[in-house]
Amino acid sequence: MSILSGKFFRHAAEQPEKTALVCGGRSYTYRQFASAVWRSMAMFDAEGVRSGERVAVAMVNHEAYAAMFLAAAHRGVCLVPFSPGLPVDAVRILVEKSGARHLVGRTSFWKKLGGERLVEGACMTLDGLPEVPEAGGMAADIPEAERESDVPETDALQPDSLEADPTDSEASRAYAQAPFIITMTSGSTGDPKPVVLTQETKLARVRAHIQLYGLSSSDVVLAATPLYHSLAERLLLLPLLCGGTAVLMEHFTPELWLGCIAKQRVTFTIAVSAQLGQVAQLLGSPFVPDLSSLRCVVSSSALLEPHVRQSLVAKLDCSFHEIYGTSESSTVTDIDFASNPQKQGSVGRPLPGVDVRIVDGGGKELPAPETG
């Protein structure tokens, strides 16, 4: 059992009927989502995916893909998520540079490839997955009538002990330090390069955010970006590892975002600044739904225009933070503008466990207030 999946399964054992995930208009309890995780593991096992191997995934926001993160963690598999809208040439480069041996996609993705086989290992299709059972144990016991040809049978699959310390095994320690997710980023160069993240790194980032924003099992956390982005991955793992509820939007519009917060009683979210710019334009409308559940909103990915930031702080009755970070480093600094309105030119303070230096072109550290 890995350090990530172990924490999730412990919550599933303690609160099996609590909502773990909301996606596509459907809610899944911890028991049901654990079944989906076992279903993904069974698929990996049936297709010969081994610990340490890399699996490229043409990922959309769907409960089966969300479950795949915890399944990969539990089996020591490394995922390489990417947009299914990538051109075939770009997919070819991604597979080559990431070292992916297996490939997962939906039928539409395979049609786009036109029969070209880009990997040495398994080519897996996730269309037609049976629904997550309404009841049952932690193992995904799929009724015969619901099984599809591309979904492995899982009747004999049994979960590991949920009482054991998830980090107290040789396999867990090995999984913690091995590649878990590879994110491809081009940054400012335009040349795709892999950013390799371990489970240990992901867990450290989750803990830093839980500490910074005071997240707990009572939080409902919204992810409104695609799962192949590190932001959505973080927002999925944050609540599942602290016993809360993850809400995953299939696609974003500002109207849907506001409606989702009201309907699901969302308490916390990190949104891309471009999304919040669109949201700000709607907040003056008399038809804005009840957003009183929100206690904290965080802006990410690019600097907000000052007038947009001021509008959001004024109209959202909650803490409003802005963060700076990169794909390689995750969040580096954070500032709460609701509490520090006079600091409009600041990117805030370093997160717990983060050290920041300002240096000149030669790497020499500079004193305040010099620019570097």
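How many residues does H3 have, and how far does H3 reach from its first C-alpha to its last? The model is a predicted one. Helix H3 has 13 residues and reaches 18 Å between those two atoms, close to the 18 Å expected at 1.5 Å a residue. It is mostly covered, with 12 of its 13 residues buried. Among the buried residues of H3 are Glu63, Tyr65, Phe69 and His74. Just after H3, Gly76 takes a positive phi of about 70 degrees.

**The chain as a whole**

The chain contains 11 helices and 15 strands. It has 372 residues, of which 51% count as buried. Among contacts in the chain with a separation of 6 or more, 63% are between residues 24 or more positions apart.

**Cores and aromatic pairs**

In soluble globular proteins, nonpolar side chains tend to be buried together. Here the largest nonpolar core has 63 residues, and those with the most contacts inside it are Phe8, Leu21, Phe33, Val37, Phe44, Leu227 and Phe268. Helix H3 (residues 63-75) gives the most to this core, with 10 residues. Apart from this core lies another, of 26 residues, including Leu222, Phe252, Val297 and Leu304.

The structure has seven aromatic pairs. In one of them, the ring centres of Phe8 and Phe33 are 5.8 Å apart and the planes stand at 90 degrees, so the pair is edge-to-face. Phe8 is in helix H1 (residues 3-14) and Phe33 in helix H2 (residues 30-46), 25 residues apart, and the pair links distant parts of the chain. Both Phe8 and Phe33 are buried. Ring pairs also join Phe8, Phe9, Tyr30, Phe33 and Trp38 into a cluster.

Not counting residues up to four places away in sequence, Phe33 touches Phe8, Ala20, Leu21, Tyr28, Glu63, Ala66, Ala67, Leu70 and Leu240. Of these, Glu63, Ala66, Ala67 and Leu70 are buried residues of H3.

**Strands**

Strands of a sheet pair through backbone hydrogen bonds, either parallel or antiparallel. Nine strands form an open sheet in the order S2-S1-S10-S9-S11-S12-S13-S14-S15, with mixed pairing. Its edge strands are S2 (26-29) and S15 (349-350), each of which pairs on one side only. Within the sheet, strand S9 (residues 220-223) and strand S11 (residues 268-272) pair in the parallel sense over two bridges. Leu222 stands opposite Thr269 in S11.

Strand S3 (residues 54-58) and strand S4 (residues 78-82) are also paired. Their pairing is in the parallel sense, over five bridges. Val55 has Leu79 in S4 as its bridge partner. Four of the five residues of S3 are buried, so this strand is largely enclosed by the rest of the structure.

**Charged residues**

Is Lys202 buried or exposed? Its relative accessibility is 6%, and Lys202 therefore counts as buried, the cut-off being under 20%. Lys202 is found in helix H7 (residues 199-213). Leaving out residues up to four places away in sequence, Lys202 touches Leu4, Phe180, Ile181, Leu197, Ser230, Glu233 and Leu237.

The charged end of Arg309 sits over the ring of Phe337, 4.4 Å from the ring centre. Arg309 also touches Leu303, as does Glu322. Leu303 lies in the loop between strand S12 (296-300) and helix H11 (306-315). The C-alpha atoms of Leu303 and Val272 are 9.6 Å apart, while the two residues are 31 apart in sequence.

**Accessibility and backbone details**

| Residue | Relative accessible area | State |
|---|---|---|
| Leu303 | 66% | exposed |
| Ser301 | 58% | exposed |
| Arg265 | 35% | partly exposed |

Most residues other than glycine have a negative phi, and most peptide bonds are trans. Ser301 has a positive phi of about 85 degrees although it is not a glycine. Ser301 is found in the loop between S12 and H11. Arg265 also has a positive phi, near 55 degrees. Its place is the loop between helix H9 (254-264) and S11.

Where is Pro369 found? Pro369 is in the segment after S15. The peptide bond from Ala368 to Pro369 is cis, with omega near 0 degrees.

How values were computed
Residues are numbered from 1 along each chain as its sequence is written. This is a predicted model: local features need pLDDT of at least 70, side-chain atom pairs count only at pLDDT 80 or more; totals for chains, interfaces and linings use all residues. Side-chain values use heavy atoms; hydrogens and water are left out. Rings of Phe, Tyr and Trp (its six-membered ring) pair if their centres lie within 6.5 Å; planes under 30 degrees apart count as stacked, over 60 as edge-to-face and the rest as tilted. Buried means under 20% relative accessible area, exposed over 50%, partly exposed in between (1.4 Å probe, protein chains only). A charge sits over a ring if NZ of Lys or CZ of Arg is within 6 Å of the ring centre and within 35 degrees of the ring normal. Contact means heavy atoms within 4.5 Å. A nonpolar core is a set of buried Ala, Val, Leu, Ile, Met, Phe, Trp, Tyr and Cys residues joined through side-chain atoms within 4.5 Å. The expected span of a helix is 1.5 Å times one less than its number of residues. Two strands pair if DSSP finds at least two bridges between them.
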